[in-house]
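We will go from stop to stop, picking out residues as we go.

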Amino acid sequence: MTSLSPTPQPPLMSARNLKVHFPIKRGVLKRTVGHVRAVDGISLDIRSGETLSIVGESGCGKTTLGQALVRVLEPTDGAIHYAGKGKAPADIAHLSETELRPYRADIRMIFQDPFASLNPRRRVIDIIGESLRNFGVTDEQEVKARVGEILRKVGLRPEYMSRYPYAFSGGERQRIGIARALAVRPRLVVADECVSALDVSIRAQILNLMQDLQEEFDLTYVFISHDLSVVEYISDRVAVMYAGRVVE
């Protein structure tokens with residue numbers, strides 16, 4: 001009797017020959033005299049449910065790669081194939097903002113600095129609720145209920161939603177940043193040095209929280225870091241970057 005091996009699942013996201021170049025302009029007329037090749041021909045696959053870590057020295061292009069994957073930055077060249085559940089497989093690398101909108105809720109980002117990434121003039125309910133409103137949740141009672149629910153999931157009390165960011169510690173602010181990213185139930189989350197600004201004890205709490213949330217929400221992580229001890233703890237696979245390229 002012949003046994004058939006299961007058909008391998010396609011990756012959730014694939015980057016192919018991805019490039020992000022920034023022009024160098026000089027002179028009165030600001031003519032382009034060269035380019036900074038921040039990301040220079042990277043190809044990699046991101047499998048559903050895994051944590052793929054991107055490591056490398058400062059300035060190697062890790063953050064630029066992460067921002068390109070979530071389309072905060074538009075790539076100069078290359079392709080980003082995304083095959084999200086319920087979404088038509090597409091190359092999202094050069095879609096217009098209107099074409100990209102259906103994919104925005106699926107692909108989210110957690111930023112490095114919890115103090116700079118939250119608007120100090122907005123309450124927590126407005127910071128997290130903005131994502132919900134942007135993706136079709138118009139009933140304010142539902143917004144309030146869902147903000148309260150996601151705050152519980154990240155270990156904060158629902159009544160904190162009426163507070164401003166200055167009232168929280170660094171670890172609590174990063175929990176709010178995580179809640180903002182997860183409020184619309186994404187499939188892929190890019191975490192850019194999300195624990196590097198935190199104390200060691202708080203860092204461990206956030207990493208454990210992220211692993212629990214990954215299991216609960218069936219998340220896929222791209223985890224960007226320069227700290228190899230953190231990467232060893234959280235990663236399924238590791239890609240090492242140097243000078244805009246993946247070298248290992």
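Start by selecting residues 124-134, which make up helix H3 of this predicted model. How many of its residues are buried? Helix H3 is mostly covered, with 8 of its 11 residues buried. To see them, colour Val-124, Ile-125, Asp-126, Ile-127, Ile-128, Gly-129, Ser-131 and Leu-132, the buried residues of H3. Now show what lies against them: the buried residues of H3 pack against strand E6 (107-110), helix H4 (140-153) and helix H5.

Next, follow H5 itself. Select residues 170-182 for helix H5 and residues 200-217 for helix H6. The two helices pack with their axes 10 Å apart, at an angle of about 20°. Angles under 35 degrees count as roughly parallel, so H5 and H6 are roughly parallel to each other. The crossing of H5 past H6 is right-handed.

From H5, pick Gly-171, Arg-175, Ile-178 and Leu-182. From H6, pick Ile-202, Gln-205, Ile-206, Leu-209, Met-210, Leu-213 and Phe-217. Which classes of residue meet here? The contact of H5 with H6 has 8 nonpolar, 2 polar and 1 charged residues.

Is Arg-203 buried or exposed? Its relative accessibility is 17%, and buried means under 20%, so Arg-203 counts as buried. Select its surroundings too: leaving aside neighbours within four places in sequence, Arg-203 is in contact with Val-195, Ser-196, Leu-198, Asp-227 and Val-230.

Our last stops are salt bridges. Side chains of opposite charge can pair when their charged atoms come close. The structure holds 13 salt bridges, and we will visit a few of them.

Begin with Asp-45 and Arg-16, which form a salt bridge whose closest N and O atoms are 2.7 Å apart. This pair links distant parts of the chain: Asp-45 is in strand E2 (residues 31-46), while Arg-16 is in strand E1 (residues 13-26), 29 residues apart. Asp-45 is partly exposed at 28% relative accessibility, and Arg-16 is partly exposed too, with a relative accessible area of 35%.

Then zoom to Glu-159 and Arg-157, whose side chains meet in a salt bridge at 2.7 Å, N to O. Glu-159 counts as partly exposed at 42% relative accessibility. Arg-157 is also partly exposed, with a relative accessible area of 49%.

Notes:
Residues numbered from 1 in each chain as written. Predicted model: local features only at pLDDT ≥ 70, side-chain atom pairs only at ≥ 80, totals over all residues. Heavy atoms only, no water. Axes fitted to C-alpha atoms, helices over the stretch in contact; angles between N-to-C directions. Helix = DSSP H or I, 4+ residues; strand = E, 2+ residues; numbered from the N terminus. Parallel < 35°, antiparallel > 145°, perpendicular 65-115°, else oblique. Left-handed = near helix turned anticlockwise from the far one by under 90°. Contact = heavy atoms within 4.5 Å. Nonpolar A, V, L, I, M, F, W, Y, C, P; charged D, E, K, R; others polar. Buried < 20%, exposed > 50% of the residue type's maximum accessible area, 1.4 Å probe, protein only. Salt bridge = Lys/Arg side-chain N within 4 Å of Asp/Glu carboxyl O.
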